[in-house]
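Here is a short briefing for a reader new to this structure. Look at the sequence and the model first, then work through the points by topic.

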Amino acid sequence: MRSYGYGRVNTKNQSLKKQVQLILDQGVPLENIYWDIFYENEKESNLERLIAILKSGDSLVIRNLDKLGSSLEEIKRRVVFLLKRKIKLKILENRSLQEYIKNLENDDSVFLEKKLEGALELLLIMEKNSRHRVGKNSSEKDPEKREINCEELNKFKFLYEKYRNKKIRKKDVLEKMEIDKNDFQIYEKHLEMR
């Protein structure tokens with residue numbers, strides 16, 4: 001029984017360091033952490049390599065379920081595959097989803113995929129909402145209506161002050177917050193409204 005981890009970034013503004021550190025904090029050795037950087041046009045996915053070496057009883061640690069694919073179908077297919085192979089899936093940033101997946105770990109029924117189908121879509125939406133961070137995929141662009149976590153806003157405020165005092169670059173703020181330029185402006189607006 002070995003522990004593995006997987007991280008993934010799709011844009012230059014996302015940070016892989018934070019994902020890797022969260023996985024390391026779970027006791028996964030660095031040599032067992034795989035990642036993909038999709039904006040660099042990788043030809044082969046390290047996730048596929050990792051899935052190929054996982055054995056029954058191993059565990060896979062990920063930050064969010066959406067790291068397992070770019071579509072609901074792809075994520076569902078991989079989760080079913082992992083559960084059927086008796087791979088323990090640990091999702092760090094969504095307790096509800098983690099509990100739901102854990103309850104399905106011993107389910108050998110032919111209905112496993114059906115049980116996941118409706119619930120997975122709902123749980124992925126909950127996962128995105130539970131992050132309380134702004135992102136490109138967020139449908140709500142009005143800063144007055146957008147809910148932002150106080151902790152995230154305080155982190156932005158701290159970095160923003162450094163940026164305004166020319167101690168760090170805007171690029172550094174984007175990277176540390178894992179946001180894009182549009183989100184930067186939205187955070188600015190929230191600071192003004194405070």
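Strands β3 and β4 run parallel and are joined by 4 bridges. Within that pairing, Leu60 has Leu89 of β4 as its bridge partner. Keep in mind that this is a predicted model.

**The sheet**

- The sheet is open and has 4 strands.
- Their order is β2-β1-β3-β4, and the pairing is parallel.
- β2 (33-37) and β4 are the edge strands.
- Each of these two has a single partner strand, so one side of each lacks a neighbour in the sheet.
- On average, neighbouring strands of this sheet are turned by 20° against each other, direction ignored.

**The nonpolar cores**

- The largest nonpolar core contains 20 residues.
- Leu60, Ile62, Leu65, Leu68, Val79 and Leu89 have the most contacts inside this core.
- At least two residues of this core come from each of β1 (3-9), α2 (46-53), β3 (59-62), α3 (72-84), β4 (88-91) and α4 (95-104).
- The biggest contribution to this core is that of α3, with 4 residues.
- As a general background, nonpolar side chains tend to be buried together in soluble globular proteins.

**Helix α1: the buried side**

- Leu16, Gln19, Val20 and Ile23 are the buried residues to look for in α1.
- Around the axis they cover an arc of only 95°, so they are on the same side of α1.
- An α-helix has 3.6 residues a turn, so residues three or four places apart point the same way.
- β1, β2 and β3 are among the elements that cover the buried residues of α1.

**Helix α1: Leu22**

- Leu22 also belongs to helix α1, which spans residues 16-24.
- Is Leu22 buried or partly exposed? Leu22 has a relative accessible area of 25%. Buried means under 20%, and exposed means over 50%. Leu22 is therefore partly exposed.
- Setting aside neighbours within four places in sequence, Leu22 is in contact with Arg63, Leu92 and Glu93.
- Leu22 and Val61 are 39 residues apart along the chain, and their C-alpha atoms are separated by 9.2 Å.

Conventions. Residues numbered from 1 in each chain as written. Predicted model: local features only at pLDDT ≥ 70, side-chain atom pairs only at ≥ 80, totals over all residues. Heavy atoms only, no water. Core = buried A, V, L, I, M, F, W, Y, C linked by side-chain atoms within 4.5 Å. Buried < 20%, exposed > 50% of the residue type's maximum accessible area, 1.4 Å probe, protein only. Contact = heavy atoms within 4.5 Å. Pairing = 2+ DSSP bridges. Axes fitted to C-alpha atoms, helices over the stretch in contact; angles between N-to-C directions. Arc of directions from axis to C-beta.
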